[in-house]
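Take a look at the structure below.

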Amino acid sequence: MENCVQHGYYADGRVLTVTVMAQTENGVLEISVVDDGRGMEEDRLKQIQASIARQENLESDDGKHIGLSNVHRRITLQYGVDYGMKIWSAPGKGATVKVRFPLVMPARKSDA
């Protein structure tokens with residue numbers, strides 16, 4: 001949500017709509033955050049997607065770390081590689097971030 005407002009708003013005062021949806025299917029909770037904001041250029045989106053896939057923080061132009069890969073890394077470490085975060089965007093079309101979690105937390109070896 002914070003990224004939608006921080007990066008997606010239009011400086012000319014247009015209203016930014018952010019929609020949060022959740023659904024469950026086959027034991028998986030999927031949360032989607034969708035905005036109709038500025039979106040991002042393909043090169044920037046690819047950088048962010050790559051940093052998420054590598055589970056590395058990516059430096060932004062203003063020197064602040066992007067926390068998406070940190071969130072993804074924490075989810076995959078806790079629940080496994082079938083879970084985590086994906087992001088889609090296009091200029092002028094907004095952005096969509098989906099996060100997947102298991103509905104039931106898998107038992108850890110030390111819990112068994």
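How many helices and strands does the secondary structure of the protein chain come to? It comes to three helices and six strands. Here helices (H or I, at least four residues) and strands (E, at least two) are DSSP runs, numbered from the N terminus. From that end on, the elements run α-β-β-α-β-β-α-β-β.

A word on the source. This is a predicted model, where local features need pLDDT of at least 70 and side-chain atom pairs count only at pLDDT 80 or more, while totals for chains, interfaces and linings use all residues. Residues are numbered from 1 along each chain as its sequence is written, and side-chain values use heavy atoms, with hydrogens and water left out.

Now the chain as a whole. Of its 112 residues, 29% are buried. Buried means under 20% relative accessible area, exposed over 50%, and partly exposed in between (1.4 Å probe, protein chains only). Contact means heavy atoms within 4.5 Å. Among contacts between residues at least 6 apart in sequence, 44% join residues at least 24 apart.

Next comes the core. In soluble globular proteins, nonpolar side chains tend to be buried together. A nonpolar core is a set of buried Ala, Val, Leu, Ile, Met, Phe, Trp, Tyr and Cys residues joined through side-chain atoms within 4.5 Å. The largest one in this structure has 12 residues: V28, M40, L45, I48, I52, L68, I75, Y83, M85, I87, V97 and V99. Helix 2 gives the most, with three residues. Follow M85 to see some of these parts meet. Neighbours within four places in sequence aside, M85 is in contact with I52, L68, V71, H72, V97, K98 and V99.

K98 leads on to charged pairs. A salt bridge is a side-chain nitrogen of Lys or Arg within 4 Å of a carboxyl oxygen of Asp or Glu. By this rule there are two salt bridges. One joins the side chains of K98 and E30 (3.8 Å, N to O). K98 lies in strand 6 and E30 in strand 2, so the pair ties together parts that are 68 residues apart in sequence. K98 counts as partly exposed at 28% relative accessibility. E30 counts as buried at 16%. The side chains of E42 and K46 also meet in a salt bridge (3.0 Å, N to O). Both lie in helix 2, four residues apart, about one turn of the helix.

D35 is found in strand 2 (residues 28-35). Its side chain reaches the backbone nitrogen of G37 at 2.8 Å. Beyond four places in sequence, D35 is in contact with C4, L16, T17, V18, K93, G94 and A95.

Last, the rings. A search of the whole structure finds one aromatic pair. Rings of Phe, Tyr and Trp (its six-membered ring) pair if their centres lie within 6.5 Å; planes under 30 degrees apart count as stacked, over 60 as edge-to-face and the rest as tilted. Y79 and F101 are edge-to-face, at 6.0 Å centre to centre and 85 degrees between the planes. Y79 lies in helix 3 and F101 in strand 6, so this pair links parts that are 22 residues apart in sequence.

Notes
A polar contact is a pair of N or O atoms within 3.5 Å; within protein, one must be able to donate a hydrogen and the other to accept it, and residues adjacent in sequence count only if both atoms are side-chain atoms.
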